[in-house]
Amino acid sequence: MAKRLIYACDITSALESWASPDIAESYDNVGLQVGSPNRIVDRVLISLDLTPQVVDEAVDRRVSLILTHHPLLFHAPTRISDDDFIGQLIFRLARENITLYSAHTNLDAAPGGVSKGLADILDLHDVSFLKPNADDNSGMGAVGKLPEPISLQMFLSLVHTKLKTPSLRYAGSLESTIHTVAVCGGSGGNLIPIAIDTNADVYVTGDLSYHRFFDVLGPDGDCRMALVDAGHYETEKHTEQLLCVWLEKRFPSVTFFRTNVLTSPINYHIF
Ligand SMILES: [Zn+2]
């Protein structure tokens, strides 16, 4: 029997049955970014971000579809030229006939999505959405419990080890007890009030600005909840594995690769 051909749209439609574009944030631009939905696909590269090095890898691996979490076309471009970062990526994808598709805040909000994946890495149990949507089957962030209470100092070590993050910014007393943990992969500063209302002992996310740290202070200036900025990339890197495992089960004839490229442009200078 002839092998059934798989098209890019078969894979992206399956993904959308898990992470519907309807649950993406209104500011987002999820879905097909560049290329043909009708490209025949037998090899797929999965990456948090698209960079020239990821396209190099895609060409080396002879893939015809790249899936990223972060959309390449987030802000509507006013020009497409090969003299800027986004433009040259679009030109290269077109030249190499590679289709690019992104599942972003819809994958954050999907059941078993980005934040649930983060909760699993931190060994949380009894995990639920931190901010459930009205349908209760999607939402932002996740909250659960550690197997047993530990100090914030031990918890920071756990985050460092599990997320391979070289440094952490945090607020809170190192001696405080951590049992209930709220998380949100990526930029989750806006969920701090909800994490406090959930009585979480700590909230882990990325991209926290200076003033966000004041949001956890009580009237006495002490922290009502510990707050940890573990990095945007570090709290979302596992998304590549999440997508890979989900898709491998459904498309056994397709080879899925997680990128070998460290796509974050941020370095840590540790003295
Ligand atoms: Zn992100």
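Strand β6 (residues 139-151) pairs with β8 in the antiparallel sense, over six bridges. One of the residue pairs is Val143 with Ala182 of β8. The model described here is predicted.

Strand β8 spans residues 177-187. It is mostly covered, with eight of its 11 residues buried. β8 also runs parallel to strand β9 (residues 202-206), and four bridges join the two. Ala182 takes part here too: its bridge partner in β9 is Tyr203. Strands of a sheet pair through backbone hydrogen bonds, either parallel or antiparallel.

Which residues does Tyr203 touch, leaving out those up to four places away in sequence? They are Ala182, Ile192, Ala195, Met225 and Leu227.

Six residues of domain 1 are in contact with seven residues of domain 2. On the domain 1 side, four of the touching residues are nonpolar and two are polar. None is charged.

## The five-stranded sheet

An open sheet of five strands runs in the order β1-β4-β3-β2-β11. Its pairing is mixed. From one strand to the next, the twist averages 25 degrees.

Strand β3 (residues 65-68) pairs with strand β4 (residues 99-102) in the parallel sense, over four bridges. Leu67 has Tyr101 as its bridge partner in β4. β2 and β3 are likewise parallel, again over four bridges. There, Val44 has Leu65 of β3 as its bridge partner.

The residues of β3 point two ways. Leu65 and Leu67 point one way, Ile66 and Thr68 the other. All are buried. In a regular strand the side chains alternate between the two faces of the sheet.

Helix α2 (residues 52-60) lies across β2 and β3. It runs at about 160 degrees to β2.

## The nonpolar core

The largest nonpolar core has 67 residues. Which members touch the most other members? They are Val44, Leu65, Ile66, Val181, Val202 and Tyr203. The core draws at least three residues from each of domain 1 (8-107 + 238-258) and domain 2 (111-229).

Val44 and Leu65 are bridge partners, while Tyr203 is the β9 partner of Ala182. In soluble globular proteins, nonpolar side chains tend to be buried together.

## Cys223

Cys223 is found in the loop between α8 (210-214) and β10 (226-229). Why does Cys223 count as partly exposed? It has 19 C-beta neighbours inside 10 Å, and a residue needs 20 or more to be buried.

Leaving out residues up to four places away in sequence, Cys223 touches Ala171, Gly172, Ser173, Val216 and Leu217. Phe213 is 10 residues from Cys223 along the chain, and their C-alpha atoms are separated by 9.1 Å.

Notes
Residues numbered from 1 in each chain as written. Predicted model: local features only at pLDDT ≥ 70, side-chain atom pairs only at ≥ 80, totals over all residues. Contact = placed C-beta atoms within 7 Å. Nonpolar A, V, L, I, M, F, W, Y, C, P; charged D, E, K, R; others polar. Pairing = 2+ DSSP bridges. Axes fitted to C-alpha atoms, helices over the stretch in contact; angles between N-to-C directions. Buried ≥ 20, exposed ≤ 12 C-beta atoms within 10 Å, placed from the backbone. Core = buried A, V, L, I, M, F, W, Y, C linked by C-beta atoms within 7 Å. Domains from an automatic or database assignment.
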